[in-house]
Amino acid sequence: MTSSAELRDIAVTIAKRAATLAQQRRRDGVEIAASKSSVSDIVTRADRESEDLIRGALAAARPADGFFGEESGGDAGTSGLTWVVDPIDGTVNYAYGIPAYAVSIAVVEGEPDPTTWRTLAGAVVNPESGDVFAAAAGRGSTLNGQALRVNEGVELPLALVGTGFGYDAGVRRRQAEFVARLIGEVRDIRRIGSAALDLCALAAGRLDAYYERGLNPWDHAAGALVAREAGARVGGLDGGPEDGRLLLAAAPALYEVLEPMVQEFFGAWE
Ligand code: IPD
């Protein structure tokens, strides 16, 4: 059986190749291929090329595993493992030339459902900064080979909190209502524009907490493992696992302070 460290190394190798391709396509000029759920939810030609590269490389290296990607959907495998892929997380940053986008690749055991899966390994690569985040279950997480640890002992008023917004206008307005409440309680808010990089930033001590409603599994699969392996607690509503209704991540003590606040607001969101 392949170890989680070997799976991590496969994720890193393939994510680096896809990140180089995405960066090259960015330099060639971005072509918007389609709009998805709303006019701001775009897919670039590079998203598709990046996913094709990843899918092909995984099919060659791990033919029995399943695949679940943002752009091309899913294929069940026979091994019980599934690769969960966001070919470019931070697509709007990518389209605007903001250097905060990443290729995110995770491998999970079980169905590609964050409420039941067990994430074994993951990689998040930002080609613009050269940051390569990697994690293997039970073996810690790294940034360019250096071990990561979340900030501990940060009180709420000094916490730098990341979040994000969905693409639907009505959803964004409600998300902004919660930001309006929180912003007076914390050091400041960041909206980086890539959930995968937000979670890795938390792991690297560049944020103290991160939460978002409305994430898709591929947005957080790898980043959540990087954060957990750096000591973060990651969860969702009602003390359960993270899912599309909520992902909250922070060092355990800060998590306990934030949890009732997010629970009150997002728990009441039908
Ligand atoms: C988006 C980014 C963004 C988050 C959105 C995601 P995409 O992913 O992660 O930061 O706020 O919820 O959908 O569309 O760039 O792959």
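Ala227 lies in helix 6 (residues 217–229), where helices are DSSP runs of H or I of at least four residues and strands are runs of E of at least two, numbered from the N terminus. The model is predicted, and local features therefore need pLDDT of at least 70 and side-chain atom pairs pLDDT 80 or more, whereas totals for chains, interfaces and linings use all residues. Residues are numbered from 1 along each chain as its sequence is written, and side-chain values use heavy atoms, with hydrogens and water left out.

Ala227 is buried, with a relative accessible area of 0%; buried denotes under 20% relative accessible area, exposed over 50%, and partly exposed the range in between, for a 1.4 Å probe and protein chains only. Apart from residues up to four places away in sequence, Ala227 touches Val150, Leu199, Leu202, Ala203, Ala232 and Val234, a contact being heavy atoms within 4.5 Å. The C-alpha atom of Ala227 is separated by 26 Å from that of Ser79, which is 148 residues away along the chain.

Among the residues touched by Ala227 are Leu199, Leu202 and Ala203, which also belong to the buried residues of helix 5. In helix 5 (residues 195–203), 9 of the 9 residues are buried, so this helix is largely enclosed by the rest of the structure. Just after helix 5, Gly205 adopts a positive phi of about 75°.

Helix 7 (residues 252–266) comprises 15 residues and reaches 20 Å from its first C-alpha to its last, close to the 21 Å expected at 1.5 Å a residue, the expected span being 1.5 Å times one less than the number of residues. At Leu258 helix 7 bends by about 35°, and a proline, Pro260, follows within four residues; the bend is the angle between axes fitted to the seven residues ending at a position and the seven starting there. The buried residues of helix 7 include Leu254, Leu258 and Phe265, and its buried residues pack against helix 4 (169–182), strand 13 (209–212), strand 14 (233–235) and strand 15 (247–250).

Around the ligand there are 16 residues, of which Asp89, Gly90, Thr91, Tyr167 and Glu212 come nearest, a residue being counted if one of its heavy atoms lies within 4 Å. An oxygen atom of the ligand is 3.0 Å from an N or O atom in the side chain of Arg191, and a backbone N or O atom of Ser194 lies 3.0 Å from an oxygen atom of the ligand. Taken alone, the ligand exposes 380 Å², of which the protein buries 97%, with accessible areas computed by the Shrake-Rupley method with a 1.4 Å probe.

Definitions and conventions:
Polar contact = N/O pair within 3.5 Å; in protein donor to acceptor, adjacent residues only side chain to side chain.
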